[in-house]
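I opened a new structure today and wrote down what I looked up. Here are my notes, in order.

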Amino acid sequence: MATMAECRSALDRLSDNLAAAEGDVRSAAALDRSLSCHIKDLDITFTGRLADGRIRVADTVEGPPREKAEIRLAMTGDDLVALVDGDLNFAKAWASGRVRLEAGFRDLLKLRSLL
């Protein structure tokens with residue numbers, strides 16, 4: 001099971017990957033939205049913003065997100081690490097229910113390029 005530090009490191013690497021992206025991925029990452037990532041097996045939530053092509057984690061709280069972020073992710077810590085490492089396909093994980101992504105319809109349309 002991935003630790004909280006490993007999950008935080010994975011989010012930092014994801015942020016770096018988004019910042020270095022080009023084309024459609026860069027456009028999707030250019031949103032300015034509140035973001036939460038609930039790690040189900042650790043029962044913690046990282047909260048912050050997706051802005052300027054980066055994920056900026058502002059806080060880590062115990063349990064599910066206290067406020068409804070504009071973009072909400074939920075998964076296990078191992079799945080987060082596997083996604084960022086390229087060992088788990090996001091679209092397949094999302095379709096199978098291993099990863100949950102919730103956002104407004106327009107944001108989902110923009111984020112589809114990340115899939």
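**Ground rules.** I am working with a predicted model, where local features need pLDDT of at least 70, side-chain atom pairs count only at pLDDT 80 or more, and totals for chains, interfaces and linings use all residues. Residues are numbered from 1 along each chain as its sequence is written, and side-chain values use heavy atoms, with hydrogens and water left out.

**Fold.** I found five helices and five strands in the protein chain (DSSP runs: H or I of at least four residues for helices, E of at least two for strands, numbered from the N terminus). Along the sequence they run α-α-β-β-β-β-α-α-β-α.

**Size.** I looked up the C-alpha trace, and it spans about 35 × 30 × 25 Å along its principal axes.

**Burial.** I read that 42% of the 115 residues are buried, meaning under 20% relative accessible area with a 1.4 Å probe, protein chains only.

**Core.** Which residues have the most contacts inside the largest nonpolar core? They are Ile 39, Phe 46, Ile 71, Leu 73, Met 75 and Leu 80, in a core of 30 residues. Such a core is a set of buried Ala, Val, Leu, Ile, Met, Phe, Trp, Tyr and Cys residues joined through side-chain atoms within 4.5 Å. I noted that α3 gives the most to this core, with five residues.

**One residue up close.** Leaving out residues up to four places away in sequence, I saw that Leu 80 touches Cys 7, Ala 10, Leu 11, Ile 39 and Met 75 (contact means heavy atoms within 4.5 Å).

Terms used. Buried < 20%, exposed > 50% of the residue type's maximum accessible area, 1.4 Å probe, protein only.
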